[in-house]
Amino acid sequence: MHTNLSANIYQTGDSSVFKLDTTLIEKPKAQQVLLKQTAIGVNYIDTYFRSGLYPIDLPATLGDEAVGTIEQVGEGVTEFSVGQRVAYSAAKGAYTQYRLIDINEIVPVPDGIDDTAIATSLLRGMTVEYLFCRLHTLTPDDTILIHAAAGGVGQIACQWARSIGATVIGTVGSNEKAQLAKNIGCDYVINYREQNFVKAVDDITHGQKVDVVYDGVGKETFMQSLDCLRVRGLMVSFGNASGKPDPFDVLELSKKGSLFLTRPTLYHYTRNRQEILESAARYLNMLERGHINIQVGPSFALTDVAKAHDYLEQRTTIGSPVLIP
Ligand code: NDP
């Protein structure tokens with residue numbers, strides 16, 4: 001048995017709700033492994049569960065993704081072995097030093113990629129995988145708008161779209177982020193704190209507008225994003241960084257050009273073992289081939305998890321934060 005430190009919430013609220021608990025961790029059961037975690041990702045969705053925007057049973061250990069080394073395997077585990085480095089991206093309960101986890105949740109990790117790069121990007125990378133390869137197959141003919149292009153998901157999306165050859169317009173909230181967005185593959189960058197992005201998209205595309213909008217910002221951009229789409233364009237509203245979008249009249253979709261609207265989540269695109277393995281493999285392959293580079297943000301100790309949440313919510317993020325247990 002190991003002594004284990006974890007960061008838990010007993011109520012929802014701001015980042016002060018985290019409590020640190022020390023418990024004993026059991027041996028793995030059948031089809032489980034015991035992971036010694038080395039790096040834990042902090043995602044925007046963690047803040048939604050912490051704040052109460054998304055419902056969660058309490059108490060809860062937040063966090064969906066981490067990288068670690070297998071310390072023990074349970075009965076019947078043949079696919080993985082002790083000492084192997086693995087990761088997971090959609091299994092709540094990551095804010096902890098050690099973790100018992102079902103083998104169906106974990107994927108092997110290729111050598112040569114740093115733990116922190118994987119822990120800060122597997123969930124975001126698999127998100128971009130389903131957005132570009134399955135929800136809609138992105139092609140070189142597509143012109144797309146990516147909001148928060150310099151953010152965690154945004155950076156991966158820009159680089160992936162560049163490797164496909166799509167034309168990418170990115171929005172960012174500062175001039176520093178604008179430079180980064182240019183460097184990672186945006187053909188055009190709009191600082192949407194200074195410019196009206198609907199007008200800027202219209203100017204850039206000479207009135208043609210874009211085929212797809214990828215909007216993870218939510219409340220502050222949702223309605224205007226619809227105005228950036230061509231007739232029969234696709235609106236992908238995949239996040240709420242500024243709050244959830246206001247309810248709206250579906251007739252707007254008709255008025256604005258018979259638009260398509262989807263509100264997807266990674267969970268529904270990783271519904272079984274095969275989807276998890278294929279999505280992770282496709283993303284990790286992009287990393288290995290150098291099509292995507294991950295700029296890791298600041299490291300925080302697990303005991304400083306509140307600071308990591310504050311960092312993400314302050315809107316200054318350039319690289320995604322990582323927790324070191
Ligand atoms: P980011 O690193 O992208 O951070 C969010 C960014 O949103 C900020 O850096 C900021 O960029 C922008 N933003 C705009 N308005 C606000 C605001 N009011 N408050 C805070 N940020 C704001 O985060 P992630 O990479 O973790 O996630 C990006 C989005 O993707 C989130 O909405 C997340 O929920 C979503 N997501 C969805 C998934 C899905 O399957 N549906 C899976 C994974 C993530 P700027 O300053 O440039 O505007």
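Predicted model: local features only at pLDDT ≥ 70, side-chain atom pairs only at ≥ 80, totals over all residues.
To which residue does the polar backbone atom 2.8 Å from an oxygen atom of the ligand belong?

**View A. Backbone atoms facing the ligand.** The polar backbone atom in question belongs to Val153, at 2.8 Å from an oxygen atom of the ligand. At Gly173, a backbone N or O atom lies 2.8 Å from a ligand oxygen atom. For Gly216, the distance from a backbone N or O atom to an oxygen atom of the ligand is 2.6 Å. Of the 900 Å² of accessible area that the ligand has on its own, the protein covers 93%.

**View B. The ligand in its pocket.** The largest pocket holds the ligand. A shell of 28 residues surrounds the ligand, and the closest of them are Tyr48, Tyr130, Lys177, Tyr192 and Gly216. Sorted by class, this shell comprises 13 nonpolar, 10 polar and 5 charged residues.

View C. At least two residues of the shell around the ligand come from each of helix 1 (44-51), helix 3 (122-135) and helix 4 (152-164). Helix 3 makes the greatest contribution, supplying 4 residues.

**View D. Domains around the ligand.** Both domain 1 (2-120 + 296-324) and domain 2 (127-267) take part in the shell around the ligand. Each of these two domains provides at least three residues of that shell.

Key
Residues numbered from 1 in each chain as written. Heavy atoms only, no water. Near = heavy atom within 4 Å. Polar contact = N/O pair within 3.5 Å; in protein donor to acceptor, adjacent residues only side chain to side chain. Areas by Shrake-Rupley, 256 points an atom, 1.4 Å probe, with all protein chains shown as cover. 1 Å grid on protein atoms, 1.4 Å probe; cavity = no way out; pocket = protein on both sides within 12 Å on 5 of 7 lines; lining within 4 Å. Sits in = over half its atoms within 2 Å of the grid points. Nonpolar A, V, L, I, M, F, W, Y, C, P; charged D, E, K, R; others polar. Domains from an automatic or database assignment.
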